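Let me put the model up, and then we'll walk through it together.

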Amino acid sequence: MTSTSRIRIAVAGASGRMGHMLIEAIRATDDCVLTGALDITSSPAIGTDATAFLGQPSGVTITADLAEGLKDADVLIDFTRPEGTLAHLQACRAGGVRMVIGTTGFTDGQKAAIQAGAADTAIVMAPNMSVGVNVTLKLLQMAARALSSGYDIEIIEAHHRHKVDAPSGTALKMGEVIAEALGRDLKDCAVYAREGVTGERDPSTIGFSAIRGGDIVGDHTVLFAGTGERIEITHKSSSRATYAQGSLRAARFLAGRSTGLFDMDDVLGLA
């Protein structure tokens, strides 16, 4: 594949842990090329080469200037914060740059803004870009339909000490998939905290528990607890590389699309 036909990718949050993983994954492909690297103005990495951490200069400088960082990009991959992602979205809409959004913690209003942005550019948005997690979501959909009566459902997730939102976007997505399969609305049946005398468990609820500690990349378990048995469906991530590889699959999926909002089911052909 020639350099002109390679997918030109910019990375937001380029100096962070996920940014480094994305950049390393892009460098390891023969069909993608890093053309832009964005970070916040206060980052000490501003002005440095985006692949300096690899000891292999790329000629791409980390910048806080959106126009500069996006000028040569076909796709922006964004794992940052909701406010930053929305600012990036406006620049991508204006410049016709597609987006892969792995950011979590959006409000309903922010999700609506992303939906509106998809009228101007193509977007893949998923709370978890891991191929394995998205296959797990399909398994949960099947399990919820089969275990719709007589089973209590609890979602337990664990992440590193630096994660700022809880429950994780992936845990919430799991809850949404299960609730939809059961004909419920997660907003009406989710329980996020238990303390003190809570009374007996309401069988129509879906419970969430969040653990934060150490360097846990991401563990998610859905427990279907019945009488005399329980079924656990678990996905464990040991490396952010899974998210990076899924993000690149999403970027390739967007290559032939100009507008629309998609998710990983679309990317993986699971829809």
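Let's start with a question: which residue in β9 is the bridge partner of Ile-153? The partner is Ile-206. Before going on, a word on the source: this is a predicted model, where local features need pLDDT of at least 70, side-chain atom pairs count only at pLDDT 80 or more, and totals for chains, interfaces and linings use all residues. Residues are numbered from 1 along each chain as its sequence is written, and side-chain values use heavy atoms, with hydrogens and water left out.

Two terms will come up a lot. Helices (H or I, at least four residues) and strands (E, at least two) are DSSP runs, numbered from the N terminus. Two strands pair if DSSP finds at least two bridges between them.

Now, back to that sheet. It is an open one of 5 strands, in the order β8-β9-β7-β10-β11, and its pairing is mixed. β8 and β11 (230-237) are the edge strands, each pairing on one side only. Inside, β7 pairs with β9 (residues 206-212) in the parallel sense, over 7 bridges. β7 also runs antiparallel to β10 (residues 218-225), with 7 bridges joining them; there, Ile-155 stands opposite Val-222. Over at β8 (residues 190-191), the pairing with β9 is parallel, over 2 bridges, and Val-191 faces Gly-207.

His-235 and Val-222 are 13 residues apart in sequence and 9.1 Å apart in space, C-alpha to C-alpha.

On to the other sheet, also open, with 7 strands in the order β3-β2-β1-β4-β5-β6-β12 and parallel pairing. Its edges are β3 (62-63) and β12 (260-262); each has a single partner strand, so one side of each is left without a neighbour in the sheet. β1 (residues 7-12) and β2 (residues 32-38) are joined in parallel by 6 bridges, with Ile-7 opposite Cys-32.

At 25% relative accessibility, His-20 is partly exposed. How far from Ala-244 is His-20 in space? The C-alpha to C-alpha distance is 9.6 Å, although the two are 224 residues apart in sequence.

Next, the surface. Patches are made of residues with over 30% relative accessible area and no salt bridge: like charges are joined within 9 Å, and nonpolar side chains (Val, Leu, Ile, Met, Phe, Trp, Tyr) within 5 Å. A salt bridge is a side-chain nitrogen of Lys or Arg within 4 Å of a carboxyl oxygen of Asp or Glu. Val-135, Leu-139 and Met-142 make a nonpolar patch with about 280 Å² of accessible area together, by the Shrake-Rupley method with a 1.4 Å probe. Leu-139 belongs to helix α5 (residues 131-146) and is partly exposed at 43%.

There is also a negative patch, where Glu-176, Glu-180, Asp-185 and Asp-188 gather. Asp and Glu count as negative, with each charge placed at CG of Asp or CD of Glu. Asp-185 is in the loop between α6 (169-181) and α7 (186-189).

One last stop: the peptide bond from Ala-166 to Pro-167 is cis, with omega near -10°. Most peptide bonds are trans. Thanks, everyone!

Technical notes:
Buried means under 20% relative accessible area, exposed over 50%, partly exposed in between (1.4 Å probe, protein chains only).
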